[in-house]
Amino acid sequence: MTCRLTRSFALMTCISLYGVVDARADTIDKSHGEQITISSAGPQTYDHDSQTITFLDRARAVRGDATIDADQLIGFLRKKTTPQSAQNQSGNAPQTSAANGDDAMGGSMELYRMEAIGHVHIYSPTDQAWGDKALYDVDQATLVMTGKNLKMTTPTTVMTARDVIEYHTTNKMSVGRGDATVTTNDGKRIRADILVAFGKPDTPEAARHKTAPQPEGQSDAKAGKLDRAYAWGNVIIRTPTETATGDRGVYVFDTELARLIGSVHVTSGQNQNNGQSAIVNVKTGVAIMNPAPGQRIEGLVIPNQTNSTRSGPTK
């Protein structure tokens, strides 16, 4: 059975919904039970058989300060799980009118997945994300974005990827797959086939700051700050003066130290050093290079140029 709804229909007046699409930074993390209002300029259709509700033409879902815009939004519904306490009191799960087919859009339903299709834009006062499609799993608190020109931004960083961008709310993990990059405001850039970045954990002070109301027109510049990033495959770390490459690596944002392993090359100007591993201070441009066991560090030094790479102890 398919039901066509009026344009003025607000989903939160008919269904108690839990969970919403969220992007990489915490300010778009809204997986804790607030209601969602979904609207669209075009028709809205409820399909009883597939238990979905579809919003067409400039669809929008709003929850708190997080918003998702798309050409089309599809909500996937299911019956609410009966609390164990309610079952214990009655001896059986209480029957609802929806279970008997009489309350197809009633309060016995909940949202467990949302799909956004076409010109997807997810945003909060501080963070934004763009893609062609997005799928949010409420149970797993995981967002997966696909399409062209994938991008997530925070006040301090920009992540892009060719194939997929994921955000896992529980552990504040962002994943970029396919020519993925993370670029900081001061011009430092990490690129790899796969990038996994973790946000900084909240301190008690930061948690209080997040819950405090912000003055109109102002945002929390500390939101979405990254702690570290792991990289696999064709890793490249660039600064304004130096480029370091390797097979895999990790970068710590606070210390600005990177460790690269496997076929490492560090280039500064026309000078280059090659080794098995290196620790690169991205802030100072100093790199400590280590050779593979039984091998030597190889380097190319051009006269009259400063080479900031020095050999480290062989292990």
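Select F198 to begin: this residue is buried, with a relative accessible area of 15%, where buried means under 20% relative accessible area, exposed over 50% and partly exposed in between, computed with a 1.4 Å probe on protein chains only. The model is predicted, so local features need pLDDT of at least 70 and side-chain atom pairs count only at pLDDT 80 or more, while totals for chains, interfaces and linings use all residues. Residues are numbered from 1 along each chain as its sequence is written, and side-chain values use heavy atoms, leaving out hydrogens and water.

Turn next to the ring pairs, for which the rings of Phe, Tyr and Trp (its six-membered ring) must have centres within 6.5 Å, with planes under 30 degrees apart called stacked, over 60 edge-to-face and the rest tilted. The count by this rule is 3 aromatic pairs. One of them joins F198 and Y230 edge-to-face, at 6.1 Å centre to centre and 85° between the planes.

Select Y230, which is partly exposed at 28% relative accessibility, and then W232, which forms a stacked pair with Y230 at 6.3 Å centre to centre and 25° between the planes. W232 is partly exposed too, with a relative accessible area of 40%. Shown together, F198, Y230 and W232 form one aromatic cluster.

Finally, select W130 and K151: the charged end of K151 sits over the ring of W130, 5.1 Å from its centre.

Definitions and conventions. A charge sits over a ring if NZ of Lys or CZ of Arg is within 6 Å of the ring centre and within 35 degrees of the ring normal.
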